[in-house]
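Have the sequence and the 3D view open as you read.

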Amino acid sequence: MPLINFAAREINYKIVYYGCGLCGKTTNLQYIHRKINPEARGKLVSIATEEERTLYFDFLPLTLGTVKGMQTRFHLYTVPGQSYYNASRKLVLQGIDGIIFVADSQISRLDENVESYLNLWDNLLGQGDDLGKVGFVIQMNKRDLGDVFSVEDLNDLLNHTGSPVTEASAITGQGVFETLKVVCKQVIAKTG
Amino acid sequence: MTRRKGLVINDRQLDRCDDILKKLKDVSGSSFLALISTSGQPITTASDEYHPETLSLASLAASSFAATQQLAKILDESEFTLLFNEGKGINLHVSQVNDQVLLLVTFGRETQVGKVRLYSQRAIEVLRETFEGPDDTMTPEMDADFESAAGDAMDDLFRDV
């Protein structure tokens, strides 16, 4: 559901990082904020608890520049991962163009990943959106840690749509921009 | 079932919105006005001197408004149609134009909330017609090469990181 302002020559896409608590959604945004050209990004806004857990969302606007005469922006959001914040997650999902599902690759986090993945699809189906027009990527995060699922196993467990998968370690930055690029290209292809 | 509807603004709509915001600014004595989408993206603004960071403001205001709507549901109220934040120097008034657009007004001590509220309500009626009335202007098509050009721009932006 991009906002296309032909009169002002602007197009804005909304992309949401989704996943269970402590899977690395905010870390993705913080890395992008640190590393990208400062002229291409706005302020990183975080609504978090005193313990720096996301309470509502993080927000980071990125500007791609002028493409074919259109000022093109991506608005990146995270959701709060803890299960009891579902009302907030539903609000952040409104008007999305793309989703990055951040999976914690650690074997010990399987239950949380599955719960979050099911919760995502519950919320998306509840919104009544045409999901064929939403970009979707699964980022297998924390690949740098030991005791993690293989990519194949995690893909079998979490990727019922056969969506693109990336491997990442958001804390070191590995795969962060690759994931973002995949979903950005998807949303442009799907929504125009 | 599928209600995925993008918000597309054409020249006629934007000109009309700009006119309405400018008039509202003048009659209400407010300092900064913006039309934003309910998903948190700015559409257009009106201001003489005061320019807050519009992207963050739009994102936070839309999210707060969405939360307010959910609070109404929990309280068994059909809807809360506006959100008002009162500060020492600046006040923020957010109201709903339609299911895709919000009107955001900031104002200081030089005017009164009642005045802003009254004129905002009148402006919303006209804005609503602008977005919901028959569209006599063809919406332009996106450039056919937009997708590949955007891909190149992304490759450039992410190349050195």
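## The core and what surrounds it

The largest nonpolar core takes in 91 residues, and Val16(A), Ile36(B), Ala61(B), Leu102(B), Leu103(B) and Leu104(B) have the most contacts inside it. Helix α5 of chain A (residues 176–191) gives the largest share of this core, eight residues. A nonpolar core here is a set of buried Ala, Val, Leu, Ile, Met, Phe, Trp, Tyr and Cys residues joined through C-beta atoms within 7 Å. Buried means that 20 or more other C-beta atoms lie within 10 Å of a residue's own, with C-beta atoms placed from the backbone; 12 or fewer makes it exposed, and anything in between partly exposed. In soluble globular proteins, nonpolar side chains tend to be buried together.

A word on the ground rules: this is a predicted model, local features need pLDDT of at least 70, side-chain atom pairs count only at pLDDT 80 or more, and totals for chains, interfaces and linings use all residues. Residues are numbered from 1 along each chain as its sequence is written, while chains are lettered from A and ligands numbered from 1 in the order in which they are written.

Back to Val16(A): leaving aside neighbours within four places in sequence, Val16(A) is in contact (C-beta atoms, placed from the backbone, within 7 Å) with Tyr77(A), Val79(A), Val92(A), Leu93(A), Ile96(A) and Ile99(A).

## Chain A overall

Chain A has five helices and eight strands, in the order β-β-α-β-β-β-α-β-α-β-α-β-α. Helices (H or I, at least four residues) and strands (E, at least two) are DSSP runs, numbered from the N terminus. Of the 192 residues in chain A, 51% are buried. The C-alpha trace of chain A spans about 50 × 35 × 30 Å along its principal axes.

## Where the chains meet

On the chain B side, 43 residues are in contact with 43 residues of chain A. The largest share of that side, nine residues, comes from α4(B). By type, the chain B side divides into 20 nonpolar, 15 polar and eight charged residues. Nonpolar covers Ala, Val, Leu, Ile, Met, Phe, Trp, Tyr, Cys and Pro, charged covers Asp, Glu, Lys and Arg, and the others, Gly among them, are polar.

Two strand pairings are set out below; strands pair if DSSP finds at least two bridges between them.

| Strands | Sense | Bridges | A bridge pair |
|---|---|---|---|
| β1(A) and β1(B) | parallel | three bridges | Leu3(A) and Leu7(B) |
| β4(B) and β5(B) | antiparallel | five bridges | Glu86(B) and Asn91(B) |

β4(B) and β5(B) form a hairpin, with four residues between them.

How values were computed
Contact = placed C-beta atoms within 7 Å.
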